[in-house]
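Please look over the sequence and the structure shown below before reading on.

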Amino acid sequence: KIMASTLKVDNIIATDGTTAPITLSGDAATLGSAVTFPTDHIIQVVNATITNKLSSSTKVTSSTAVCDVRDQITITSGNAVLVHWAAFLYAVNNSNALIKASIRLGTTDSNSGTDLVVSKTGTTSGDAYTQTSLWAYDTSPGSTTPDYVMMVERLSGNTNGVYLNSHTTTDLYCYLFEVQQ
């Protein structure tokens, strides 16, 4: 037979007499700095503010930074960042409409890094409208406040140009997740 019971305590102390990593106060528990989260545990999530958005009327033909997120997340050194970025892109057809989108470390001012992830989409007939969704796992951000940039380019000389079609928060957004390593 299982009996329901209540354990009431106002302090937890380790067996060696040191302070435990959990502090209790009323109905709240606080984890101390000595608590270690398991590998691959998400520590924090940031709905990033996207800046330096390229005008939706600006045509892109070569690799171009179309927007970035700067100083949006501060992570513990050694942790990773999972990046989710979505953008509504438009490619104008000559004989095809092909788009390449990618995420890099950096900003619209400095984006010489390598692509963390690449998405390629489009059509060989007509114009292409696409809600592109990119996920990148950055295992070595190189900084505790990493910046990320979205790059866009046409995939073919037969594509007239590519545009960042919308700046609305439902079409253009970025989430940054700090991940324990």
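Ala-80 touches Tyr-137, Asp-138, Thr-139, Phe-177, Glu-178, Val-179 and Gln-181, when residues up to four places away in sequence are not counted, and contact here means heavy atoms within 4.5 Å. The place of Ala-80 is in strand β5, where strands (E, at least two residues) and helices (H or I, at least four) are DSSP runs numbered from the N terminus. This is a predicted model, in which local features need pLDDT of at least 70 and side-chain atom pairs count only at pLDDT 80 or more, while totals for chains, interfaces and linings use all residues. Residues are numbered from 1 along each chain as its sequence is written, and side-chain values use heavy atoms, with hydrogens and water left out.

- Ala-80 is buried, with a relative accessible area of 0%; the word buried stands for under 20%, exposed for over 50% and partly exposed for values in between, using a 1.4 Å probe and protein chains only.
- The C-alpha atom of Ala-80 is separated by 35 Å from that of Ser-57, although these two residues are 23 residues apart along the chain.
- Lys-100 lies in strand β6 and is buried as well, with a relative accessible area of 18%.

- Strands of a sheet pair through backbone hydrogen bonds, either parallel or antiparallel.
- Strand β4 (residues 64-69) is joined to strand β9 (residues 148-154) by five bridges in the antiparallel sense, and Ala-65 stands opposite Met-151 in β9.
- Strands β6 and β7 also run antiparallel, with eight bridges between them, and Ala-101 stands opposite Ser-119 in β7.
- Strand β4 is mostly covered, since five of its six residues are buried.

**The nonpolar core**

- The largest nonpolar core has 32 residues, of which Val-83, Trp-85 and Leu-176 touch the most other members; such a core is a set of buried Ala, Val, Leu, Ile, Met, Phe, Trp, Tyr and Cys residues joined through side-chain atoms within 4.5 Å.
- The elements that give two or more residues to this core include β4, β5 (80-93), β8 (128-138) and β11 (173-179), and β5 gives the most, with six residues.

**The chain as a whole**

- The chain has zero helices and 11 strands.
- Buried residues make up 36% of the 181 residues in the chain.
- The radius of gyration of the chain is 23 Å, whereas a compact globule of 181 residues would have one near 16 Å; the radius is taken over C-alpha atoms, and the globule rule is 2.2 Å times the number of residues to the power 0.38.
- The C-alpha atoms fill a box of roughly 75 × 40 × 25 Å, taken along the principal axes.

Definitions and conventions
Pairing = 2+ DSSP bridges.
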